[in-house]
Amino acid sequence: MFYRMLKIFLGPILKVLYRPWIKGAEKIPGTGPAILASNHLAVIDSFFLPLMIDREVVFVGKADYFTGKGLKGAFVKWFMTQVGTIPIDRSGGKKSQAALQKGLARLQSGELFGIYPEGTRSPDGRLYRGKTGVARLSLRSGAPVIPVAMIGTNIAQPIGTRIPRLHRIGVVIGDPLDFSRYQGMEDDRYVLRAITDEIMYSLMSLSGQEYVDLYAADVKRALASKKDDEDGVATEPKVEAPGGRQAPQTEVPEPPEDDASQEGKSDSAPSVQ
């Protein structure tokens, strides 16, 4: 109920301020389970993706959202709980399994579940190596993985920015990915990595992002400590695309032509960036 009320009352305001656009919304099935695997550029990714699609989707969110102190911490915890966010310990391994089990239960009940394979927000707008939890979840549930590229949210809300700036935000939905050919192989780490790389390749193709074959969390730690050399962590790409393949020839998507033409009619008014 809260989810629907949020879309009804907050949705129109966000649409006026940020003029969000979407491509490929029809690729999300009207019924049945599906995993929405998205790149992660900003906190507001979890607001604008649900806003732009018809079906309810629940995302995992870092456990810190549920442990904050004071009035702000209490509000964030309340809000995340109301919209159904599933807390996840991002250190990985068994600590992340509880959240994935809840996601699995949601998929088994025929609903949508959202996940950020990178595990954390990109530190610089590039696409980072995916964690294999999304692959394991797909094989255990049998649900298709639908790649989702968020566009411009990192410009609207750079890391460290609490109040988003007014900048157009886009959502690009890719073709569903079927991994049923790997059914029963969810404990094979090579299969999990191959599936994850395929998902990240799709995200790279949709978003036009440059790929970095490193975990975003490792890069963030290295940048924070300023010990890149000592930690052996570089911030430059090691390969051109996930799985060592050649990078696709892509550009950052633009709004649909009909939307852009409407925008052009109002160019005389000052743009909000």
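In the predicted model, strands β7 (residues 145–151) and β8 run antiparallel and are joined by 4 bridges, one of which pairs Met150 with Val171 in β8. Both strands belong to an open sheet of 7 strands with mixed pairing, in the order β1-β8-β7-β2-β5-β3-β4. Because β1 (21–23) and β4 (86–88) each have a single partner strand, they stand at the edges, and one side of each is left without a neighbour in the sheet. Neighbouring strands of this sheet are turned against each other by 25 degrees on average, direction ignored.

Helix α6 touches β2 (34–38), β5 (112–115) and β7, and its direction makes about 170 degrees with that of β2, whereas α8 touches β2, β7 and β8, with a direction at about 35 degrees to that of β7. Helices α6 (residues 133–141) and α8 also pack against each other, at an angle of about 105 degrees and with their axes 8 Å apart, so that α6 is roughly perpendicular to α8. In this contact, Val134, Ala135, Arg136 and Leu139 of α6 meet Val191, Leu192, Ile195, Thr196 and Ile199 of α8; the residues involved divide into 7 nonpolar, 1 polar and 1 charged.

The loop between β8 (170–173) and α8 (189–207) contains Ser180, which is partly exposed, with a relative accessible area of 43%. The C-alpha atom of Ser180 lies 7.0 Å from that of Leu139, a residue 41 positions away along the chain.

The mean pLDDT of the protein is 84, with 85% of its residues reaching 70 or more. Over residues 260–273, however, pLDDT stays under 50, and the model has 8 contacts beyond four places in sequence for this stretch.

Terms used:
Residues numbered from 1 in each chain as written. Predicted model: local features only at pLDDT ≥ 70, side-chain atom pairs only at ≥ 80, totals over all residues. Heavy atoms only, no water. pLDDT = per-residue confidence, 0-100. Contact = heavy atoms within 4.5 Å. Helix = DSSP H or I, 4+ residues; strand = E, 2+ residues; numbered from the N terminus. Buried < 20%, exposed > 50% of the residue type's maximum accessible area, 1.4 Å probe, protein only. Axes fitted to C-alpha atoms, helices over the stretch in contact; angles between N-to-C directions. Parallel < 35°, antiparallel > 145°, perpendicular 65-115°, else oblique. Nonpolar A, V, L, I, M, F, W, Y, C, P; charged D, E, K, R; others polar. Pairing = 2+ DSSP bridges.
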